[in-house]
Amino acid sequence: MRLGGPVFYRGNNPEEFALAHVKKGYRAAYCPEGLTCEDTEQIQAYREALERHDILSAEVGAWCNPLSMNLTESRESIAYIKKRLRLADLLGAKTCVNILGTKYIGNWYGPSGACYKPYFFKEAVALAREIVDEVKPAHTKLSFEIMPYCFLDSPEEYLRFLEAVDRKEVGIHFDPCNCIESPRRYYDNRTFLKHAFSLLGEGILSIHLKDIRIVPDSLTVAFEEVLIGEGFLRYATLMQEIAKLPADTPAMLEHLSGEEEYDKAAAAVRYFARTAGMEL
């Protein structure tokens, strides 16, 4: 496993960007901020600097809503994903990742009953095909993050989706916390983790690391993301399962409030990795 996360570097020097990861002890990197697929010389410089310091380019995010009810937003989002996928391919990243989108109109990721309808599944399949068929990535894959607010909410649904898409350029992004949507799965997440990795296995391109806690005073089911080690996700089991994947699989920290929290989260992951007998 290659641990990675934000490094809070605000410059645009590729060597300094790579060294910021070395300083944190990271072996995987998110895409540098501000980089676009048109910046060919800069992309090459970043790629060389990361390779020189043995830092894997893990993810290029394309966070938007390509299946929006708003057709203008949908078209613009699809065009943006194509550009981000081209960037990921030039950068040699493991994956370009986004969510499938939503029919909810309040934001770009929220819940809607339409996201479980057969027509939404068909739209999602067509979306994935359109993007990779046009871009034709050679060095990366497109992936969609598991989310609790659409059909892509479990390993079984991910495999059903991939079978329908039928494109080798589309792969798996795994976020275990995003699969925890019931108290039953929450309290038995050790079993779920083993099951998920047994199904998805070496097809996983990248993993998001965070922790989750049930809100005990809520009369309806509610979960919140918390610092790794302060929640209920069985991290020793998670590390044991990740250890079965290829050694260069990136696992990326996310959704924390600042550099101090990321440092604490990285230390927690390293602790759990050691207890699982795993090398980072």
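Tutor: In this predicted model, the largest cavity is lined by I99, L100, G101, T102, Y109, G110, C115, E145, M147, Y149 and C150. By class, 7 of the lining residues of this cavity are nonpolar, 3 are polar and 1 is charged. The volume of the largest cavity is about 50 Å³. When the whole structure is searched for cavities of 30 Å³ or more, 1 is found. Rolling a probe the size of a water molecule over the atoms shows where empty space is left.

E145 leads on to the open space. This residue lines the largest cavity, and the largest pocket, with about 1,200 Å³ of space, has E145 among the residues closest to its centre, together with W63, H208, E254 and H255. In total, 42 residues line the largest pocket. The classes in that lining are 25 nonpolar, 10 charged and 7 polar. Several elements supply at least two lining residues each: helices α1 (14–24) and α3 (71–91), and strands β3 (56–61) and β9 (223–226).

Two of the central pocket residues, H208 and E254, are also touched by Y30. Y30 is part of strand β2, which covers residues 28–30. Leaving aside residues up to four places away in sequence, the contacts of Y30 also include G5, P6, F17, H21, E59, M252 and L253.

The ring centres of F174 and F197 are 5.3 Å apart and the ring planes stand at 80°, so the pair counts as edge-to-face. There are 17 aromatic pairs in the structure.

Helix packing can be followed at α8 (residues 235–242) and α9 (residues 259–275), whose axes lie 8 Å apart at an angle of about 70°. That angle is why α8 counts as roughly perpendicular to α9. From α8, the residues in the contact are Y235, A236 and M239, and they meet V269, F272, A273 and T275 of α9. This contact is made up of 6 nonpolar residues and 1 polar residue, with no charged ones.

Note on methods: Residues numbered from 1 in each chain as written. Predicted model: local features only at pLDDT ≥ 70, side-chain atom pairs only at ≥ 80, totals over all residues. Heavy atoms only, no water. 1 Å grid on protein atoms, 1.4 Å probe; cavity = no way out; pocket = protein on both sides within 12 Å on 5 of 7 lines; lining within 4 Å. Points joined across faces, edges and corners; volume = space filled by probe spheres on them. Helix = DSSP H or I, 4+ residues; strand = E, 2+ residues; numbered from the N terminus. Nonpolar A, V, L, I, M, F, W, Y, C, P; charged D, E, K, R; others polar. Axes fitted to C-alpha atoms, helices over the stretch in contact; angles between N-to-C directions. Parallel < 35°, antiparallel > 145°, perpendicular 65-115°, else oblique. Contact = heavy atoms within 4.5 Å. Phe/Tyr/Trp six-rings, centres within 6.5 Å; stacked < 30°, edge-to-face > 60°.
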